Amino acid sequence: MHIKILGPGCTNCANLERVTREAAAELGLDATFEKVTDYGAIAGYGVMRTPGLVVDEALLMSGRVPTASAVKELLAPLA
Amino acid sequence: MAVMERVHRATPLERWAGLGAAALGWWALYSVNLPFWDWLLRDVVGLDLETRLGSGIHFFLYDTVKILLLLAGIIFLVTVLRSFMSVERTRAILGGRREGVGNVAAAALGVVTPFCSCSAVPAFIGFVAAGVPVGVTLSFLIASPLVNEVAIALLLGLFGWGPTLLYIGAGLTIAIVAGFILGRMRPERWIEPFVFETTLGGQAVDPGYALTWNDRVQMGLEEVRDILKKIWPYLLVGIGIGAAIHGWAPEQWFADHAGPENLLAVPLAVLLGVPLYSNAAGVLPMVEALFDKGLPMGTLLAFMMATVALSLPEMILLRRVLKPQLIGLFIAVVTVGIVAVGYLFNAVLPA
């Protein structure tokens, strides 16, 4: 599973990455992480509010930092 | 985090009971705020509230609690209501509009769409690449910080409905007119070319879609926490300056130098406000204290608008997508609009 965190490097993006890593670890997922900071690339995923969470090229969520358990619920069906 | 987890799992009954209890607690705190500080400072500490020091300290403590309560309550309500809107939906509404009608719609949507100017760049790219005219997009970007929930909450709490509605009307007018004028100047030539080359791939997910009430309540709580965390230093400095003005600033000096007769007061206030980076929470306590000293409302609202609408950090962010010429014009047009509004209010409102 390839997870991308979209955002220019704001606190929200760091928080999103933290909760996503937490959720992936709890689910025991074999995930690689990548930060996408380029605005053109971010907008390319259709994100207009950062941060955004992309898993295997599909945008799952944008505009807010969910709790780790909410991310778990998002990631579980994709495992 | 524990609170958020509990909200996340709350049953409907728990949720409404919790909200009801929170509303009651809020109302109780708001009601005892003034009598409490009167009692503590006058009867317990023995301060004379008529003296400069006494009234300054009273102003600081009472205002801090009042403003924090107002902010928490209104940010929560606005965030829950706004969770029914999204930037994606706003873009879809604006997609087919021509300039003119589009500017009006964009300014109105700028008020109701959940948005932070930290996302100005991706939103700008998303709007323009999807075919929303540049001027219409700018109307949205001007209205969003200018007419925001923090400003509305505080204006309403400190000055009542009249000045609040005037402020909202003026903010919308500035956003509509400025966006329209900038749109007439063929602004496309001053936009970084990569914006037009961006192809919007992927399936846009609408964050407002499929949210449960628990999600909305949780978003409201998170927003209150995040905004208060971000603005409390501004708030304390602002209230501190307000308290100092309240206790020490000479009324006569302000009346002589910054009263309605001084025609330079409005542009000076705006020029002072533009480089000042603060937000409504930092500025309004000062505005309140200066209003008590007899400064006219138009001058004060113009100062406040200049502070919240144009900020250096946002301009630096926008530089990624706008060339310096357009940033310069953007600042100039909005500044002129704010000065005009200041004069208008001073002429219309009784001092």
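Two residues are in contact if their C-beta atoms, placed from the backbone, lie within 7 Å. The legends below describe a predicted model.

**Figure 1. Chain B meets chain A.** The contact draws 28 residues from chain B and 20 residues from chain A. On the side of chain B that touches chain A, three helices of chain B each supply at least two residues: α1 (2-9), α4 (87-95) and α6 (120-129). The largest share, 6 residues, comes from α6(B). Sorted by class, this side of chain B has 16 nonpolar, 8 polar and 4 charged residues.

**Figure 2. Two helices of chain B pack together.** Helix α3 (residues 52-82) and helix α8 (residues 149-159) of chain B pack at an angle of about 130°. Their axes lie 9 Å apart. The two helices, α3(B) and α8(B), are therefore oblique to each other. Their crossing is right-handed. From α3(B), the residues making the contact are Lys66(B), Ile67(B), Leu70(B), Leu71(B), Ile74(B), Ile75(B) and Val78(B). From α8(B) come Glu149(B), Val150(B), Ala153(B), Leu154(B) and Gly157(B). By class, the contact of α3(B) with α8(B) has 9 nonpolar, 1 polar and 2 charged residues.

**Figure 3. The fold of chain A.** Chain A has 3 helices and 4 strands. Along the sequence, they follow the pattern β-α-β-α-β-β-α. The radius of gyration of chain A is 11 Å, close to the 12 Å that the globule rule gives for 79 residues, so chain A is as compact as a globular protein of that length. Its C-alpha trace spans about 30 × 20 × 15 Å along the principal axes. Of the 79 residues of chain A, 44% count as buried. Among contacts in chain A with a separation of 6 or more, 68% join residues 24 or more positions apart.

**Figure 4. A cis peptide bond in chain A.** Most peptide bonds are trans. The bond between Thr50(A) and Pro51(A) is cis, with omega about 0°. Pro51(A) sits in the loop between α2 (39-44) and β3 (52-55) of chain A.

Figure 5. Most residues other than glycine have a negative phi. Asp56(A) is not a glycine, yet its phi is positive, near 45°. Glu57(A), also not a glycine, has a positive phi of about 70°. Asp56(A) lies in the loop between β3 and β4 (58-62) of chain A. Glu57(A) lies in the loop between β3 and β4 of chain A. Are these residues buried or exposed? Asp56(A) counts as exposed, with 11 C-beta neighbours inside 10 Å. Glu57(A) is exposed, with 10 other C-beta atoms within 10 Å. The cut-off for exposed is 12 or fewer.

Key:
Residues are numbered from 1 along each chain as its sequence is written. Chains are lettered from A and ligands numbered from 1 in the order in which they are written. This is a predicted model: local features need pLDDT of at least 70, side-chain atom pairs count only at pLDDT 80 or more; totals for chains, interfaces and linings use all residues. Ala, Val, Leu, Ile, Met, Phe, Trp, Tyr, Cys and Pro count as nonpolar, Asp, Glu, Lys and Arg as charged, and the others, Gly among them, as polar. Axes are lines fitted to C-alpha atoms, for helices over the stretch in contact, and angles run from 0 to 180 degrees between N-to-C directions. Angles under 35 degrees count as roughly parallel, over 145 as roughly antiparallel, 65 to 115 as roughly perpendicular and the rest as oblique. A crossing is left-handed if the near helix is turned anticlockwise from the far one by less than a right angle, and right-handed if clockwise. The radius of gyration is taken over C-alpha atoms; the globule rule is 2.2 Å times the number of residues to the power 0.38. A residue is buried if 20 or more other C-beta atoms lie within 10 Å of its own, exposed if 12 or fewer, and partly exposed in between; C-beta atoms are placed from the backbone.
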